Amino acid sequence: MEITDLDVDDDVTLRAVYDVDTRASLAGREDAPHWSWQEMSGSLRRPDPGERQHYVVGRVDGRVVGFGAAFLSLHDNLDKCWVEVKVDPSERGVGHGRALLEHLCDVTARAGRTTLVAEATLPFDRLTDHRDRRFAEAAGFTLSNVEIVRHLELPLPEARLDAWQARAAVKAGDYRIETFVNEIPDNLVPDLVVLLGQLAVDAPTGEVDWEEEQITPERFAENRASLVAAGRTIFETVAIAPDGTVAAQSTISVPPPGRLDVSQWGTFVHRGHRGRTLGLAVKTANLRAVQVAHPEMRRVVTQNAESNDWMVAINVEMGFEPVEASAEFVRREG
């Protein structure tokens, strides 16, 4: 197999990579959500300015059979990187994945990264012996953390949303709940990016300790613009404390036309404002806003560590059902 850097402006190769990614990601889980060509190409061509992304493509006789990616933060966690490898299901079992992975490991080693993190989505009943876990362990990775992927069917009855809102209001009544689509008022962004950066520290992450993510207002604005350019609509609900600061947030990404599943991203409450049901308040308001604006959507997809008792309790109350596991693996160099 020939391994070369991926030219993200090469439409033909990038489309072949997308097709491999789709077949590999959906093998054995055909009903799972998967990003569209518009989302994938937009993401690769307008990347996060706070990261260095390195993509490689593997070819056999000119055919794209696999690809790999490494994501290296530029401002924090400078000893770590995320790595990902996908191989076309028809080409598995002959060493292509291992070759791509080791190529990426050489790249990350030259960048001084000593902690490599990878992720695989696995059925609950195959968590210990799935081929993806065996592949990771054979390459020197060990299990670091397990998150549970959950789905919530839409639409939600208005009565349920009203009940959650009323319960949250008992303790969160002094906080103003506001929802924004795609753009956030400039005066709220500095507080919001601090919250988003703390999420990596406070959320359970297993055997890997993450530093607080450094997100500037400029990086935040560029990321939002990139998501919108890729066809996504971002709903952000925040809880604003009596002193005007952002105390909690919840983010939902609505995909471009053609998909019917929305992605629940982070929900986070500032350390100084916990115990006031603000998590339930912002999640409820955000779900309501999405459902009103996009009644065609049929499910919400989210994931969180099973050890995150607070978030698990909210998701269970809302009716999110566990469907599969997201296993995280770590390999330490040196």
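Asparagine 77 counts as buried in this predicted model, because its relative accessibility is 4%, under the 20% limit for burial. The residue sits in the loop between E3 and E4. Its phi is positive, at about 50°, although asparagine 77 is not a glycine. Threonine 277 also has a positive phi, of about 55°, without being a glycine. The loop that holds threonine 277 runs between strand E10 (261-269) and helix H8 (278-293). With a relative accessible area of 23%, threonine 277 is partly exposed. As background, most residues other than glycine have a negative phi, and most peptide bonds are trans.

A cis peptide bond, with omega near 0°, leads from leucine 154 to proline 155. Proline 155 belongs to the loop between strand E6 (142-153) and helix H5 (158-172).

Another loop residue is aspartate 88, placed between E4 and H3. Aspartate 88 counts as buried because its relative accessibility is 8%. Beyond its neighbours within four places in sequence, aspartate 88 is in contact with Val20, Arg23 and Val65.

The accessibility values of four residues are set out below.

| Residue | Relative accessibility | Class |
|---|---|---|
| Threonine 237 | 0% | buried |
| Asparagine 77 | 4% | buried |
| Aspartate 88 | 8% | buried |
| Threonine 277 | 23% | partly exposed |

Threonine 237 is part of strand E8 (residues 233-240), and it counts as buried because its relative accessibility is 0%. Its side chain makes polar contacts with two partners: the side chain of threonine 179, at 2.7 Å, and the side chain of asparagine 286, also at 2.7 Å. Not counting residues up to four places away in sequence, threonine 237 touches Ile177, Glu178, Thr179, Ala248, Gln249, Ser250, Val282, Ala285 and Asn286.

Two residues of that contact list, Ile177 and Ala285, also line the second largest pocket. This pocket holds about 190 Å³ of space. H5 and H8 are the elements that give two or more residues to the lining, and H8 gives the most, with five residues.

The nonpolar interior is described next. In soluble globular proteins, nonpolar side chains tend to be buried together. The largest nonpolar core contains 20 residues, of which Val83, Val85, Leu101, Phe141 and Phe329 touch the most other members. At least two residues of this core come from each of strand E3 (63-73), strand E4 (80-87), helix H3 (96-110), strand E5 (115-122) and strand E12 (321-332). Apart from this core lies another, of 19 residues, including Ala168, Ile314, Met318 and Phe320.

Phenylalanine 329 is among the core members that touch the most others. Leaving aside neighbours within four places in sequence, phenylalanine 329 is in contact with Leu116, Val117, Ala118, Ala120, Arg133, Ala136, Phe141, Thr142, Leu143 and Ser144. One of these contacts, Phe141, is likewise among the core residues that touch the most other members.

Key:
Residues numbered from 1 in each chain as written. Predicted model: local features only at pLDDT ≥ 70, side-chain atom pairs only at ≥ 80, totals over all residues. Heavy atoms only, no water. Helix = DSSP H or I, 4+ residues; strand = E, 2+ residues; numbered from the N terminus. Buried < 20%, exposed > 50% of the residue type's maximum accessible area, 1.4 Å probe, protein only. Polar contact = N/O pair within 3.5 Å; in protein donor to acceptor, adjacent residues only side chain to side chain. Contact = heavy atoms within 4.5 Å. Core = buried A, V, L, I, M, F, W, Y, C linked by side-chain atoms within 4.5 Å. 1 Å grid on protein atoms, 1.4 Å probe; cavity = no way out; pocket = protein on both sides within 12 Å on 5 of 7 lines; lining within 4 Å. Points joined across faces, edges and corners; volume = space filled by probe spheres on them.
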